Amino acid sequence: MTNDNRDADGNYVLSREQSELASQHEYLREIVCDGRLIIDESVRLGPNGCVLDAGTGSGAWLLDLSKEVPNGVNLHGVDVSLKGFPSTYPSNVHFLVGSMTELPLEWTEYFDLVNQRLLVGGILASEWPIALAQIFRVMKPGAHAQFVELDLPSWANGGPEAKRWAMLCKDIYGIKGLMIDCGERLPTMLKEAGFSDVTTETKLAPAGSALGRAGQLGTANTLGALRGMKPAFLRAEIFSSEKAFEESLKKLEREWEEGEGQYYAYRIVCGRKA
């Protein structure tokens, strides 16, 4: 673990641009999580509480949370890449470059709450049990963890272009060794890692102007996320050129914006360490 200038993106296939991560955070908070930063309303953070944002990206979730909790709460963000880290932040917010599969030993039973979002594109299928075991280790007894993951296979419930992109994502995730259905499998994996009181919520998120402002935000957020995956698609030669990629993405946008739109799913999964 380090907080120096080393950087490792590993197999992450989504965007790390600060603007894209900020937009993603706003969409997740407003549309997917109904304005909630902390999913379980029973969670209470005292003045000396500790929170971990695993795969923190731009730290947007932590920075928002810092406005809602006492100043004495220690807020830690860890990510394999420092590209998204903000340049300024409150004194009780701390960022660390490191891997989810090897969290610091000194963090054992340290955190009251762990947050993790959208690592469907960042954790290898073989590493999920290791990452969840690490999260479980750093939680205090009685602590809570919350996970928000995009259910990419649910895109196949849409029109022809959405179905095509669902297959394209399945292809690239398979090539990269990622678990495309991690959201669906998270409840079982959490129980296997030792978590108790595991709950799951499926949140349908709209895409397409016909579904109102939320649908417009869904289109913009999803297209931005897919555009962030362009380098991975091109390296895997799934698309022959940037032009072919953009043309295909434009067809998906037209399908959503000129048609009835569609709903796709996010999985919100929570668990506790007894």
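**Packing in the predicted model**

Modeller: Let's start with a helix contact: P160, E161, A162, R164 and W165 in α4 meet F245, S248, L249, K251, L252, E255 and W256 in α8. By class, the residues of this contact of α4 with α8 are seven nonpolar, one polar and four charged. Everything here comes from a predicted model, where local features need pLDDT of at least 70, side-chain atom pairs count only at pLDDT 80 or more, and totals for chains, interfaces and linings use all residues. Residues are numbered from 1 along each chain as its sequence is written, and side-chain values use heavy atoms, with hydrogens and water left out.

Biologist: Happy to follow along! What makes α4 and α8 residues "meet"?

Modeller: Contact means heavy atoms within 4.5 Å, and the α4 and α8 residues named above are those that meet.

Biologist: And what makes a residue of the contact of α4 with α8 nonpolar, polar or charged?

Modeller: Ala, Val, Leu, Ile, Met, Phe, Trp, Tyr, Cys and Pro count as nonpolar, Asp, Glu, Lys and Arg as charged, and the others, Gly among them, as polar. Sorted that way, the contact of α4 with α8 gives seven nonpolar, one polar and four charged residues.

Biologist: How do α4 and α8 stand to each other, and what is that arrangement called?

Modeller: The axes of α4 (residues 160–176) and α8 come within 8 Å and cross at roughly 135°. That makes α4 oblique to α8. Angles under 35 degrees count as roughly parallel, over 145 as roughly antiparallel, 65 to 115 as roughly perpendicular and the rest as oblique, so the α4 and α8 angle falls in the rest. The axes are lines fitted to C-alpha atoms, for helices over the stretch in contact, and angles run from 0 to 180 degrees between N-to-C directions.

Biologist: Is the crossing of α4 and α8 left-handed or right-handed?

Modeller: The α4 and α8 crossing is left-handed. That term is used if the near helix is turned anticlockwise from the far one by less than a right angle, and right-handed if clockwise.

Biologist: How do you know whether N221 is buried or exposed?

Modeller: Buried means under 20% relative accessible area, exposed over 50%, partly exposed in between (1.4 Å probe, protein chains only). N221 has a relative accessible area of 5%, so it counts as buried. N221 is found in helix α6.

Biologist: Now the sheet. What makes two strands a pair?

Modeller: Two strands pair if DSSP finds at least two bridges between them. Helices (H or I, at least four residues) and strands (E, at least two) are DSSP runs, numbered from the N terminus. Strand β5 (residues 139–151) and β7 pair in the antiparallel sense over eight bridges, while 10 bridges join β6 (residues 196–207) to β7, also antiparallel. R272 in β7 is the bridge partner of H144, and S196 stands opposite R272 as well. On another side of β5, strand β4 (residues 111–117) pairs with β5 in the parallel sense over six bridges.

Biologist: Which strands stand at the edges, and why?

Modeller: The open sheet has seven strands in the order β3-β2-β1-β4-β5-β7-β6, with mixed pairing. β3 (93–97) and β6 each have a single partner strand, so one side of each has no neighbour in the sheet. Direction ignored, neighbouring strands are turned by 15° against each other on average.

Biologist: What makes β7 largely enclosed?

Modeller: Nine of the 11 residues of β7 (residues 262–272) are buried, so β7 is largely enclosed by the rest of the structure. In β2 (residues 74–79), five of the six residues are buried, so β2 is largely enclosed too.

Biologist: Last one: what is α3 to α5 called, and why?

Modeller: α3 and α5 pack at an angle of about 55°, with their axes 10 Å apart. That makes α3 oblique to α5. W128, L132 and F136 in α3 meet C182, L186, M189, L190 and A193 in α5. The contact of α3 with α5 divides into eight nonpolar, no polar and no charged residues.
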